[in-house]
Amino acid sequence: MHHYVSTTNACKLCKPLGASLAFRGIEGSVPFLHGSQGCATYMRRYIISHFNEPIDIASSSLGEKHAVYGGAANLKLGLRNVIEKYHPTLIGVATTCLTETIGDDVKMILHEYLEEFGGELSHPQIVSVSTPSYSGTHMEGYHAAIRAVVEQISKGGEKNETVNLLPGFVSAADMRYLKDLFCDFDCELTMLPDHSDTLDGQAMNDYPLIPEGGTRVDAIETMGRSLATIEFGRTLEDESAGVSLQNMHNVGLHRLGIPIGIRETDIFLSTLSKITGTDIPTKYSQARGRLIDAMVDGHKYIYGKRAVIYGEEDLVVGLTSFLTEIGIQPILCASGGKSGKFSKAISSVVSGMPWGMPEVHENADFYDIEERARELEIDLLIGHSKGYSFARKNNIPLVRVGFPIHDRMGGQRILHLGYHGAQMLFDTITNTVIEKKQNDSDVGYSYM
Ligand code: SF4
């Protein structure tokens, strides 16, 4: 007999939401959901609360009768409307629960559509991705969309000196940092996606229908000619955009952990140095030295503190790696993802470090995390803002990282990556611990 256990407050988001975020990082693109208007409204609302930026997500606006007769006509009509209104360079079509359940064959519908209209001048590229939300998380949707873009657009040809970077879902500040870093290495970069401008833009009198910025479609077309690909993520599926570029166009792949903390950043920079033949610029070795100095100065405040880390699998892996470096003990690592690789990835970043293996929960919801965290005597929570109610109830400080951050300004401007990101995280974490001690003290103190 099967016992059905319901999910309470899931620690993951909807799969096409991830695909929409990925498509938003391509220049001139419009994310398009093949599904009901409600899905698009929910996702827009959710994304806007984090980024404080407008985001349009088009939809084929399916209603009850389409659930019976299929949504082909609406999909075609919706595409025509989007092309007329937005003049996009690319439309990224993601399926939803409804269209996956009724079994719409989107590839075939798009084929028919392109036969009819695809020959028109200035017709945009259309990329489609299957994202049934009941079988995955927003991160799977995000990576699936990137893979679909690469597989459906990139071409091979004579090699050039460009390096492809597939950073995964990192913050806008992280993306800007990565672009600067490649500049400092004097290396041509194609980063896919890039929402550093499209989801963190400048104030304007008139908002353009499609925000400026994003990875250029012509750059994506030539990704098959690049020198190498660096892809972040220790829990990625065996199939990914990086693997497709390798298989389709013979572009050498370097899969690394997200560069959070010292060791993961060391690996990233030495890999890039090897690929480009350029020494690591002094700016980065100096930042590394400053970080170690700060760790020496601050470790007495945080050494041995017990932390729960939750959120997207690869982010949790990177943060866990970093926390062990600064003497914080990861007690529970939890994620709504279920790649099957989470535990192994955590084990590889804590190996050789003082605290040993933490408890690891995949496919977790907040109910589980709270139940367990209550028993574990925790000093600190590290994750997105959905942990706030638990933090408040139990008077445990929460350090906000990742996505979504719905109760603070500037989630998109948190820098997590590289030595510089680690420095910011270190200061934030240490000051959070100090603040808690001050608040709990009867007399307070003002000098350390
Ligand atoms: S119905 Fe499915 S696709 Fe739509 S918002 Fe809900 S989980 Fe996402």
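These legends walk you through close-up views of a predicted model. Local features need pLDDT of at least 70, side-chain atom pairs count only at pLDDT 80 or more, and totals for chains, interfaces and linings use all residues. Residues are numbered from 1 along each chain as its sequence is written, and side-chain values use heavy atoms, with hydrogens and water left out.

**View 1. Strand β1 (residues 29-34) and its covered faces.** Helices (H or I, at least four residues) and strands (E, at least two) are DSSP runs, numbered from the N terminus. Six of the six residues of β1 are buried, so the strand is largely enclosed by the rest of the structure. Buried means under 20% relative accessible area, exposed over 50%, and partly exposed in between (1.4 Å probe, protein chains only). Ser29, Pro31 and Leu33 lie on one side, and Val30, Phe32 and His34 on the other.

**View 2. The partners of β1.** Strands pair if DSSP finds at least two bridges between them. Six bridges join β1 to the parallel strand β3 (residues 90-95), where Gly92 is the bridge partner of Pro31. Two bridges pair β1 with strand β2 (residues 58-59), again in the parallel sense; here Phe32 has Ala58 as its bridge partner.

View 3. Lys436 is partly exposed at 23% relative accessibility, as is Asp440 at 44%.
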